[in-house]
Structures are given as C-alpha cells and as structure tokens.
Amino acid sequence: MNIILIGFMGSGKTSTGRLLAKHLGYQFIDIDQIIEQKHGMTCAKIFAQRGEDFFRKQETTALKELHGLANSVIATGGGIILSADNRSFLKNLGTLIYLKTPPAEILKRVEHDTTRPLLPAEHKLDAINKMLSVRQPLYLAAAQIIVETCTGQPEKTAAEILRILQPVQAAAQEQR
Ligand code: S3P
C-alpha cells in the first residue's frame with residue numbers, strides 16, 4: 001500500500017509526507033523533486049524555460065515511473081490531478097489523501113514565496129481562488145481521505161492521518 005498526498009501548493013504535502021514516512025517506516029518520494037533532479041533545475045525554472053505543458057509531461061512521466069511501487073509515501077505537485085490520465089494512475093497506486101487548506105491559509109503560506117510559477121506577484125488570493133475552483137472538485141473526487149490542514153502544523157496533520165489510517169491498514173492486512 002502506498003499513501004499519496006494531494007492538495008494545493010502550500011498545503012504541506014512534502015513536510016507532512018516526510019513525517020508520515022518516518023512514522024510508518026515507509027520510503028518518502030516527492031514527484032517535484034524527481035523532476036528537479038532529472039532536469040537539474042527547480043520546477044520554477046522548468047516552467048520559466050520550457051513552459052507548463054513541458055512540465056506537465058515530465059510530471060506524468062515521473063508519476064508513471066512509480067508503477068509497481070509499494071510501502072511509500074508520495075508527495076505530489078498541486079497540479080497533478082489536472083490530468084485524467086494522472087488521476088486514474090494515482091487511484092491504482094495507493095490511498096489518496098487530500099490535504100484541504102482554506103484559501104486564506106494558503107495565501108499566508110505562499111505570500112512571500114517568489115518561487116511559485118503559477119502565482120502572480122499581486123492579487124495572489126484571487127489567483128488561488130480561481131485555481132481552487134477548478135482543482136478542489138478534482139481533489140475531493142479523487143481522495144479517499146480528506147484532512148483539513150488549517151493550522152499549518154505538519155506534525156498535527158501527520159498524527160491525524162495516522163489515526164485515520166489505522167483501521168484502513170488493519171483491514172488491508174486482514175484481506176492479505
Ligand atoms: C504546481 C505545484 C508545485 C509544482 C509546480 C506546479 C501546481 O508543487 O508541481 O510548481 O500546478 O500547483 P507544490 O504543490 O508541491 O507546490
């Protein structure tokens with residue numbers, strides 16, 4: 001069983017994922033990091049130099065390379081669910097957990113971050129709301145588990161996920 005964290009930028013997928021992996025003794029995988037290592041540059045630079053379409057293709061390739069993976073916690077980029085192909089692949093890869101963060105909290109976390117290629121320097125909240133109106137229904141439809149991450153404390157989010165996962169994992173073990 002793999003655990004896959006989905007959600008908007010700044011929802012804490014990477015920090016929560018690391019903690020979860022440590023607690024479960026699972027491997028931690030960050031899809032953005034795989035893309036960055038492959039190209040030797042940050043996601044922001046890939047967007048700037050090659051454009052979003054190129055990035056999305058790399059994202060799908062990196063995702064598909066995880067085929068057959070087990071016992072891993074996977075942090076995804078916020079836009080991975082935009083592709084129907086990615087969504088169906090993710091569904092078969094493991095349990096999808098949506099880290100649901102209110103727009104105002106997302107703004108707090110990304111306000112001074114200049115490395116987010118899809119967020120403009122000004123009117124960030126408008127941009128977040130606009131993107132969320134497209135993405136939130138996709139996150140909600142894809143996820144088996146939804147966790148509210150209003151506090152910005154990955155330890156709390158990880159603890160909440162572990163609590164929810166206990167019966168899920170016990171049931172999965174019984175079926176083996
Ligand atoms: C993106 C989110 C980023 C990264 C890329 C595109 C998006 O990941 O994949 O910049 O479309 O929301 P995080 O969600 O980890 O910031």
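Reader: How far is an oxygen atom of the ligand from an N or O atom in the side chain of R116?

Author: Polar contacts are pairs of N or O atoms within 3.5 Å; within protein, one must be able to donate a hydrogen and the other to accept it, and residues adjacent in sequence count only if both atoms are side-chain atoms. Here, the R116 side chain has an N or O atom 2.5 Å from a ligand oxygen. For D32, a polar side-chain atom is 2.7 Å from an oxygen atom of the ligand, and R56 also has a polar side-chain atom 2.7 Å from a ligand oxygen. This is a predicted model, where local features need pLDDT of at least 70 and side-chain atom pairs count only at pLDDT 80 or more, while totals for chains, interfaces and linings use all residues. Residues are numbered from 1 along each chain as its sequence is written, and side-chain values use heavy atoms, leaving out hydrogens and water.

Reader: Which residues around the ligand come nearest?

Author: "Near" asks for a heavy atom within 4 Å of the molecule. Of 13 such residues, K13, D32, R56, R116 and R135 come nearest.

Reader: And how is the shell around the ligand made up by class?

Author: Ala, Val, Leu, Ile, Met, Phe, Trp, Tyr, Cys and Pro count as nonpolar, Asp, Glu, Lys and Arg as charged, and the others, Gly among them, as polar. This shell holds five nonpolar, three polar and five charged residues.

Reader: Which residues does UniProt list for "binding site"?

Author: Such annotations may be inferred rather than shown by experiment. The unreviewed UniProt entry lists D32, R56, G78 and R135 as "binding site". It also gives that annotation to G10, S11, G12, K13, T14, S15 and R116.
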